[in-house]
Structures are given as C-alpha cells and as structure tokens.
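Please keep the viewer open as you read.

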Amino acid sequence: MEFFNSWDLSEDEQNVLETYFDRFEIFVKPHSNELMAAWELYNFKQGTLSLEEFIAKLRLLVKEANYPTAHQERFLRDFLVFGLNSSRVRKECLKEGNNLTLQKAKDLAKAEESAEKQLKSMNRTEVNTVKKHEKSNKRNASKSFEKIYSSSNSHQKTCLGCGKGPQLT
C-alpha cells in the first residue's frame with residue numbers, strides 16, 4: 001500500500017486503470033541488466049533444449065539485452081547459428097553467408113532435428129530386431145545342443161547298479 005500512496009498521479013491518470021497496472025508492473029518487475037543479457041546470449045548454447053525452446057529463450061534474451069527492434073531478427077539468426085548443437089547445420093548456414101535469413105536458419109535446424117529423431121528411432125528398431133534374433137538364436141542353439149547331446153548318448157546303456165546315467169565300464 002505504501003508504494004501505491006507514493007505515486008504522484010494527476011487527476012486524469014487516476015481515472016485510467018491502465019496507469020495503475022503500468023505503475024504496479026514497474027514496481028514488481030525485476031530490473032533487467034542489458035550487459036548480463038548480452039553476455040548470456042554470447043555464451044548460450046542449445047544443449048538439451050529442443051529447437052523451439054532454444055529459439056524462445058534466445059528471443060527473451062535478445063529483448064532483455066534491449067537490442068534495437070529493427071535488428072532483433074538478425075541477432076536471433078546469429079545467436080541461433082552460434083549456439084546450435086549441430087556443426088553440420090552451422091556449416092550450411094555459413095555457406096549461405098549474408099543471404100541467410102532467420103527463417104532459413106530455423107528451417108535447416110528443424111530439418112536436422114527431425115532427421116536426428118528419425119535416425120534414433122530407426123536405430124532403436126534395429127537394436128530391438130538384433131536382440132530378438134540373438135535371443136531366438138540362443139534358444140535354437142541350446143535346443144540343437146540338447147538334441148546332439150541326447151542323440152550321442154543314446155547308444156550308451158543305463159547303469160546297472162543305480163539305473164541312472166550311463167554305465168561306466
């Protein structure tokens with residue numbers, strides 16, 4: 001209530017509800033530090049973030065760094081390329097040079113992310129198929145061994161003393 005009473009509002013401002021919202025937001029909103037946001041941008045890497053999460057975080061940092069609105073798309077493009085996990089996509093972006101747009105960089109990165117997910121899915125399927133074949137081969141091998149062992153021992157006589165196992169002579 002103290003901060004409310006500390007506002008010096010004209011009569012016109014007191015009649016506009018938005019004035020109160022604006023003043024309250026200024027009071028509760030944490031103060032951003034442009035230098036700190038810029039430092040984070042220069043050091044920010046994609047890591048385990050999805051492409052969309054990475055771009056959303058970049059957008060926030062570009063706004064916090066208070067870069068000119070007219071150049072924000074270029075800053076987003078640059079920091080997107082610098083922070084991507086894929087060196088292959090960075091290489092493709094570098095090939096585009098000055099013709100690279102934010103949209104083109106996003107498209108290249110999205111295609112790479114999608115291909116990586118599909119490749120992982122394919123590899124999991126291959127591994128599961130190999131494991132199934134290995135299990136099947138082990139079962140078949142043990143059955144074959146049992147058949148060979150039992151057929152090789154079938155000519156032996158049962159022990160006359162105990163009635164079990166082969167007769168040793």
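Which backbone oxygen lies 3.2 Å from a polar atom of the side chain of glutamine 72? The backbone oxygen belongs to tyrosine 67. Before going further, note that this is a predicted model, in which local features need pLDDT of at least 70, side-chain atom pairs count only at pLDDT 80 or more, and totals for chains, interfaces and linings use all residues. Residues are numbered from 1 along each chain as its sequence is written, and side-chain values use heavy atoms, with hydrogens and water left out.

Glutamine 72 sits in helix H6, residues 72–83 (helices, H or I with at least four residues, and strands, E with at least two, are DSSP runs numbered from the N terminus). Its relative accessibility is 17%, so glutamine 72 counts as buried (under 20% relative accessible area, with exposed over 50% and partly exposed in between, using a 1.4 Å probe and protein chains only). Leaving aside residues up to four places away in sequence, glutamine 72 touches Val62, Lys63 and Tyr67 (a contact means heavy atoms within 4.5 Å).

Now look at the loop between helix H5 (51–64) and H6, where you will find asparagine 66. With a relative accessible area of 51%, asparagine 66 is exposed. Its phi is positive, near 60°, in a residue other than glycine. Most residues other than glycine have a negative phi.

Further along, serine 86 caps the N-terminal end of helix H7 (residues 87–96), with a side-chain oxygen 3.3 Å from the backbone nitrogen of arginine 88. Just after H7, glycine 97 takes a positive phi of about 60°.

Next, the largest pocket. About 330 Å³ of space lies in it, and its lining has 16 residues, of which Gln46, Asn85, Glu112, Glu113 and Glu116 lie nearest the centre (on a 1 Å grid over the protein atoms alone, a pocket is an open set of points where a 1.4 Å probe fits, with protein on both sides within 12 Å along at least five of seven lines; lining residues have an atom within 4 Å of a point). Helix H8 (residues 102–152) gives the most to this lining, with 6 residues.

Finally, step back to the whole chain. The chain has 8 helices and 0 strands. Of its 169 residues, 20% count as buried. Among contacts between residues at least 6 apart in sequence, 44% join residues at least 24 apart.

Technical notes. A polar contact is a pair of N or O atoms within 3.5 Å; within protein, one must be able to donate a hydrogen and the other to accept it, and residues adjacent in sequence count only if both atoms are side-chain atoms. Grid points are joined across faces, edges and corners, and a volume is the space filled by probe spheres set on the points.
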